[in-house]
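Look over the sequence and the 3D view first, then read the points below.

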Amino acid sequence: MTTVSVIGGGPAGCFAAKSAAESGAQVTLYEEHARIGEPVQCAGLISKKGLLSLMKNDGFVINTIRSAKICSPNSRIRINCADETALVIDRAKFDAACARGAEEAGAVIRTGCRAKPNRMKGVIIGADGPNSTVANLFGFPKCGPFVSTFQTDYENVEIEDGHEVSIFLSADFRGLFGWLIPTGSDTARVGVGVSPPLSAGKAFQKLAGALLNLENARPISSASGVIPLFPRSITAKKNVFLAGDAAGQVKSISGGGIFFGCTCAGMAGKVAATTASANEYEREWRALFWDDMVLHYRIRRLMNSLSDSHLNALVEISSRVGVPRLLSRYGDMDLPTSLFSVPLIGLPARFAYNVFNSLFPIRS
Ligand SMILES: Cc1cc2nc3c(=O)[nH]c(=O)nc-3n(C[C@H](O)[C@H](O)[C@H](O)COP(=O)(O)OP(=O)(O)OC[C@H]3O[C@@H](n4cnc5c(N)ncnc54)[C@H](O)[C@@H]3O)c2cc1C
């Protein structure tokens, strides 16, 4: 029986442990914190389609999202979704459900256990987050750039629409954006992600102080953390695989990592337990997500290059040419290449994308 050691008990680690155990391996997962899922460093927004492809709701969905308001400094557009396209989850409960899934499949979870070389036996899956010790220990190449984030949960918030997320684009939030995600009728997560040298704390003060009406709101808790924006050029070698944020498997338009990370981690666990082939894992996850990750990253880099006046123009032009309607109808929060299947627009867009890619390749 193959032995698999999973380092990190976030969602990616739990998915890797579950699929390795289901594929017949003897699995031990090591998590440095005393409790799985805590502390929380996440806004908890995930596409309904993405979540349902991973697991069924086990009591961790706390809100449904029906529209998104995208605000530049002077303009705004609204993208309505016919269905509840996105869900807000309680990350601590979600992570606990992921861990239960791994244990039910037969994995052993050791909490309060930091990864040490003597604990890493058999095939090692490093799912230990953006500052991966496993990646450093085994000399993996670095991830793409990082953004730093700061987020606060508030209660007693005046919310216009409890099922609408607001995204704030500005050169002050270069790197990612600011967000307000309603978690209930008068509760919300407010946060910001920025690239260095910008400070997430200062950007947050601008967002919470000037852009939002938080006068009567009470802060409940705050969190900070980093998000990698592009995968490492190598995520598996010999008997060591990386998955989730440790590998940089993130959607860099939004910074969301749950869907890509857990899906890839599931593949890592299965390959680790069966063929244990580093090449196979690397090939499999890139075949599924590479095009989308590259498109995410291209769009992210374009957004990062825009000034406030460019962002205003982008939002205004998008509104005039019907982008909100196009996104409402054909958009996919996870897989931007889905727009290439839009009748009439898809083919020329795919052609332009291929030409652009061949002129300015991003290396895997
Ligand atoms: C502020 C913020 C908001 C976000 N919002 C969203 C969002 O709305 N939607 C979304 O999809 N994604 C979001 N993300 C990203 C998302 O949180 C991550 O992509 C996701 O948590 C990655 O899961 P993971 O299991 O790879 O890593 P993590 O969740 O970071 O888990 C890694 C685990 O490994 C453990 N660990 C680390 N080192 C060791 C060690 N040496 N030994 C043992 N254990 C170790 C850690 O304690 C941790 O539990 C957000 C991130 C931030 C920072």
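Predicted model: local features only at pLDDT ≥ 70, side-chain atom pairs only at ≥ 80, totals over all residues.

**How the helices pack**

- Two packed helices are described by the angle between their axes and the distance between the axes.
- α1 and α6 pack with their axes 7 Å apart. The angle between them is about 30 degrees. That makes the two helices roughly parallel, because angles under 35 degrees count as such. α1 passes α6 in a right-handed crossing.
- α1 also packs with helix α3 (residues 91–105). Here the axes are 8 Å apart and the angle is about 15 degrees. α1 and α3 are therefore roughly parallel. Their crossing is left-handed.
- α6 also pairs with α7. Their axes come within 9 Å and cross at roughly 150 degrees. Angles over 145 degrees count as roughly antiparallel, so α6 and α7 fall in that class. The crossing of α6 and α7 is right-handed.

**Cis peptide bonds**

- Where are the cis peptide bonds? One joins Glu38 and Pro39, with omega at about 0 degrees. Pro39 belongs to the loop between β2 and β3.
- Another cis bond joins Pro196 and Pro197. Its omega is about 10 degrees. Pro197 is in the loop between β13 (187–194) and α5 (200–211).

**Positive phi without glycine**

- Lys238 is not a glycine, yet its phi is positive, about 45 degrees. Look for Lys238 in the loop between β15 (236–237) and β16 (240–242).
- Is Lys238 buried or exposed? Lys238 has 10 other C-beta atoms within 10 Å, so it is exposed.
- Ala276 also has a positive phi, near 55 degrees, in a residue other than glycine. Ala276 lies in the loop between α6 and α7 (278–304).
- Ala276 has 17 C-beta neighbours inside 10 Å, so it counts as partly exposed.

**Pairs apart in sequence**

- Arg174 sits in the loop between β11 (164–168) and β12 (175–182). Arg174 counts as buried because it has 20 C-beta neighbours inside 10 Å, and the cut-off for buried is 20 or more.
- What separates Arg174 from Met303? Along the chain they are 129 residues apart, while their C-alpha atoms are separated by 8.0 Å.
- Lys69 is in strand β5 (residues 67–71). With 16 C-beta neighbours inside 10 Å, Lys69 counts as partly exposed.
- Lys69 and Ser166 are 97 residues apart in sequence. In space they are 4.7 Å apart, C-alpha to C-alpha.
- Pro141 is found in the loop between α4 (133–137) and β10. Pro141 has 10 C-beta neighbours inside 10 Å, so it counts as exposed.
- Pro141 and Asp58 are 83 residues apart along the chain. Their C-alpha atoms are separated by 37 Å.

Terms used: Residues numbered from 1 in each chain as written. Helix = DSSP H or I, 4+ residues; strand = E, 2+ residues; numbered from the N terminus. Buried ≥ 20, exposed ≤ 12 C-beta atoms within 10 Å, placed from the backbone. Axes fitted to C-alpha atoms, helices over the stretch in contact; angles between N-to-C directions. Parallel < 35°, antiparallel > 145°, perpendicular 65-115°, else oblique. Left-handed = near helix turned anticlockwise from the far one by under 90°.
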